[in-house]
Amino acid sequence: MDISWGDLGAAVALMLIIEGIMPFINPKTFRQMLEMVSQMEERSVRTLGAVWMGLGIALLYWVRA
């Protein structure tokens, strides 16, 4: 698998675009979601992060294979 710095830059740019969609479209719901996550236990937030990373790795493998 040959990944260039340009691919990494494109991936980061796409991540920033996707991350910005929710607060741009619906800032009120985004704030409510952040408040809800801030009240979750640290272990639950970590588990949620691990699940999202696993899904991202699986999707990246599927797309790049």
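1. What is the mean pLDDT of the protein chain? The mean is 92, and 98% of the residues reach 70 or more; pLDDT is the predictor's confidence in each residue, from 0 to 100. Among the elements, helix 2 has the highest mean pLDDT (96) and helix 1 the lowest (92).

2. This is a predicted model, in which local features need pLDDT of at least 70, side-chain atom pairs count only at pLDDT 80 or more, and totals for chains, interfaces and linings use all residues. Residues are numbered from 1 along each chain as its sequence is written, and side-chain values use heavy atoms, with hydrogens and water left out.

3. Helix 1 (residues 5–25) and helix 2 (residues 27–38) have axes that come within 5 Å and cross at roughly 115°. Helix 1 is therefore roughly perpendicular to helix 2 (65 to 115 degrees). Helices are DSSP runs (H or I) of at least four residues, numbered from the N terminus.

4. In the contact (heavy atoms within 4.5 Å), Met 22, Pro 23, Phe 24 and Ile 25 of helix 1 meet Pro 27, Thr 29 and Phe 30 of helix 2. These residues divide into six nonpolar, one polar and no charged.

5. Helix 1 also gives the most to the lining of the largest pocket, with eleven residues. Helix 1, helix 2 and helix 3 (42–64) each supply at least two residues of this lining, which divides into 20 nonpolar, one polar and three charged residues.

How values were computed. Axes are lines fitted to C-alpha atoms, for helices over the stretch in contact, and angles run from 0 to 180 degrees between N-to-C directions. Angles under 35 degrees count as roughly parallel, over 145 as roughly antiparallel, 65 to 115 as roughly perpendicular and the rest as oblique. Ala, Val, Leu, Ile, Met, Phe, Trp, Tyr, Cys and Pro count as nonpolar, Asp, Glu, Lys and Arg as charged, and the others, Gly among them, as polar.
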